[in-house]
Amino acid sequence: MSDDDAMQIAIDEDHADVPVGAVVLVDSEVIARRHNERELTGDPTAHAEVLALRDAAETAGQWRLAEATLVVTLEPCPMCAGAAWAARVDRIVFGADDPKAGATGSLYNLAADPRLNHEATVTGGVRAEACAALLTDFFADHRG
């Protein structure tokens, strides 16, 4: 599965909350897909990436997701980049940059910090306009 195809799955995730979708792939197969549930659950850690990584670990039967790719519509924040690091994710693909909280290149780069014991390859900007539009439209509707 291409990065573009995987990103479309993340874009198509249910967005009843702040519209961020995440997909975890192993061998080009989707093993988990989730969306933000912070507002729904009141859980500050219920970001799409964390939820998808939890589901992927359950599916894989282990916490190490060394062969996995995390695909997410918005650049992961420090918590989510940390979760990807803790899961030993091999690759992170994201759509829209997050200049205010991005932790895989924009503000920080936890995926490529040589002080940490694991690094992931990062590909940003996949379907960036469509991913950014999800957020722009959502916040325009909620502030408008």
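In strand β2, E29 is the bridge partner of V26. The structure is a predicted model, in which local features require pLDDT of at least 70 and side-chain atom pairs count only at pLDDT 80 or more, whereas totals for chains, interfaces and linings use all residues. Residues are numbered from 1 along each chain as its sequence is written, and side-chain values use heavy atoms, with hydrogens and water left out. Helices (H or I, at least four residues) and strands (E, at least two) are DSSP runs, numbered from the N terminus.

Strands β1 and β2 pair (at least two DSSP bridges between two strands) in the antiparallel sense, over 6 bridges. The two strands form a hairpin with 2 residues between them, and D27 in the turn has a positive phi of about 50°. V24 is in contact (heavy atoms within 4.5 Å) with E29, V30, I31, A32, A52, L53, A56, A68, T69 and L70, residues up to four places away in sequence being excluded.

V24 is also one of the residues, with M7, L53 and V89, that touch the most other members of the largest nonpolar core, which has 36 residues. Such a core is a set of buried Ala, Val, Leu, Ile, Met, Phe, Trp, Tyr and Cys residues joined through side-chain atoms within 4.5 Å. Buried denotes under 20% relative accessible area, exposed over 50%, and partly exposed the range in between (1.4 Å probe, protein chains only). At least two residues of the largest nonpolar core come from each of α1 (3–12), β1 (21–26), β2 (29–35), α3 (48–60), β3 (68–74), β4 (91–96) and α5 (128–143).

The buried residues of α3 are A48, E49, V50, L51, A52, L53, A56 and A57, and their cover includes β1, β2, β3 and α4 (78–86). G61, with a positive phi near 75°, follows α3.

R34, in strand β2, counts as buried because its relative accessibility is 19%. The side chain of R34 makes a polar contact with the side chain of D55 at 2.7 Å; such a contact is a pair of N or O atoms within 3.5 Å, and within protein one must be able to donate a hydrogen and the other to accept it, residues adjacent in sequence counting only if both atoms are side-chain atoms.

In the loop between α1 and β1, D14 counts as partly exposed because its relative accessibility is 44%. A polar side-chain atom of D14 lies 3.3 Å from the backbone nitrogen of A16.
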